[in-house]
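Walk through this model one contact at a time.

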Amino acid sequence: MSFGKREMDILSMLIGRRGWVTGEEMASAFGISKKTVQQEIRRISGEFGDGCRILSSQKKGYCLEYLSDELRRGIIRHLEQNENHYNMRERTSVLALYLLFQREYVTMDQLAETFYLSKTTVFSEVKTMKRWMARQGGIALEVSGTRGVRILGSELDRRFRCATFCMPGIARQLPWPGEVWDRYEEELAAIREALGRELAGEETRLAGEDFGKICRYLAVSLLRDRMGLFLEGEEESRVLERRWGYDFSQGELAGLREQFSAAAAFCPGEAGSTGLEAELETGAESETGAEPESGAEERAAAGRSLARLEEELGKRLPAGQLFSPESRSQLLCHMARMGRRLETRRYATNYYDKELILACPLETHLMEVCCRSIWGSHFPKTEQFFLTSYLAAGLEAEKTSVDVRLVSNQSPGIAAGLEAFIRRRLGCTVRRFLTEPVYAFEAGEERGKGWGLTLTTEREISILRPEILLLPAVIRGREEELAGQLLDAWREGWRQERIRRAMERYRQPDGEAAGGEAAGGLGYFLNLAGWAEGPEISANTVYGDFLFLCRFRREEPSAIRFLELKRPVEYNRKSIRRVLTASWGGGEDVFGFFLAVSALLEEHSRGDARNLPF
């Protein structure tokens, strides 16, 4: 039983929603047309027959009525095989994994013939792979016009990178016998179960993504050993140690220690080793006589780095809370492990950057300029995007905070119940909440200025002032659903109004530029935008041919502009055809400004959505 990506996307959405989903929602979510959605649903219904019944309605869309147990198990097996593979381009992942198992050059013709691709496609994929390999130290893709391509790096670094790509769904596309991958999957499953049980027993909580990579590293090590691809220095004699039912060399276990050391961990306040790490390190120290490394200095260094980061952010952002208290200890743990990764140049690898740029352009820009200021221009973007996620979580309260006023003649107890419901359902941080009786509202109308949302339980107020939302005094049952819908609609309207105001104030007319003649580089695009070079500028490519330029420059007015090039210009190994520039010059609503930027990024990315790398 096999599933295509679109089939899996549609089934996953229908299963997750547990109700009706419109064709427009699916088309928008997956970057396809409504007609394609209809075709895919017909294909699913025809392929899986009675095992999958999908209801359709012209008004409501589609609803999954029934899914057989067999089909459910097939979907789960498919997801387990691919794990987080949907965050990466499938064909590029296959080619990268294939090259990681080759020692000599592979010509473009060989790649094209092996994987049934055109040479043009191979050249395009090589460009993408080169960019991927540059994200992490220790590995590089060498391209020769006469000899072809090969991956440079130590055997240990090759294994680390194989662990990123070697999901069974990817590995089985390599031109090797199926029994090779049957054994690999069997070993991977056994290691996953045994190692997971051991870590759970000692209360160690690694990020699931990193746990998967660690398991794949161990299974890949067994596979490469069978192929005669041993670690450097272990070709002659290998001292083996039995772990999780299999034999590993001392070098392989040393690599495992590195994987544990660099992995993201859900252990607030602790940057040191897990029980398993400590055991492995003790074994290594007993052989070398090395002193055990203390985690106190590492935690102190992480604290200093976080303080510097907050200082740099504070210079640029008038926000009270930069990182949420709940995530602060976790962030310190992350930065300690990040320090280890920076030292070894084996950086974290993720593929969520494009989505993050669309959703969080402000945080992306701030983190890029601040990391550059602290760690220099060499700071890897993969690490930057992890920190961006922490900042986005911390700023969420600032970005969505609103002042709420409740006009009500009800008792304090009733008002307290309403406040609790409003805070819970509104989905944004209530900065101030004022409850006042009708007489105070009528006598002090000027007090109403500046409140983001005014609600009332009194019908006469809502009749006199239709913009004030009417809520029942006691919310329960059906009334809870209706009141929730009312607040949801207000919240979305409030967000759209902020975007509209920002667009009116800051957006300049779209423009067109010649392009094509220049050699590319950031300077060309800065000149196109009319900007001088400076430390407060960030540049990020979004979905292939789309470049996002952002800067903070308080002495100039804020402005947002979209430019389309008549001919593409090369930048960062991509052919840029569209540019969105956002220049923030200071003002009262930086979050509203970047809401508009996010909306424009989403709008201009939608055309390339069908070619997304995930």
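Glu556 pairs with Arg553 in a salt bridge, their closest N and O atoms 2.9 Å apart. A salt bridge here is a side-chain nitrogen of Lys or Arg within 4 Å of a carboxyl oxygen of Asp or Glu. Glu556 is partly exposed, at 31% relative accessible area. Arg553 is partly exposed too, at 28%. Buried means under 20% relative accessible area, exposed over 50%, and partly exposed in between (1.4 Å probe, protein chains only).

This is a predicted model: local features need pLDDT of at least 70, side-chain atom pairs count only at pLDDT 80 or more, and totals for chains, interfaces and linings use all residues. Residues are numbered from 1 along each chain as its sequence is written, and side-chain values use heavy atoms, with hydrogens and water left out.

The whole structure holds 49 salt bridges. One of them joins Arg425 and Asp488, at 2.8 Å from N to O. Arg425 sits in helix 19 (412–426) and Asp488 in helix 22 (478–506), so the pair ties together parts 63 residues apart in sequence. Helices (H or I, at least four residues) and strands (E, at least two) are DSSP runs, numbered from the N terminus. Lys213 and Asp210 also meet in a salt bridge, at 4.0 Å from N to O. They are 3 residues apart in helix 11, about one helical turn.

Glu234 lies in the loop between helix 11 (208–226) and strand 5 (240–243). Glu234 is buried yet has no salt bridge; Arg238, the nearest side chain of opposite charge, is 4.0 Å away. For such charges, Lys and Arg count as positive and Asp and Glu as negative, while His and the chain ends are not counted. Beyond its neighbours within four places in sequence, Glu234 contacts Ser249, Gln250, Gly251 and Glu252. Contact means heavy atoms within 4.5 Å.

Now turn to helix 6 (108–115). Met108, Leu111, Ala112 and Phe115 are buried there. Just after helix 6, Tyr116 takes a positive phi of about 55°.

Tyr62 is in strand 2 (61–67). At 12% relative accessibility, Tyr62 counts as buried. Val21 is 41 residues from Tyr62 in sequence, but their C-alpha atoms are 5.2 Å apart. Other contacts of Tyr62 include Leu14, Trp20 and Ile54.
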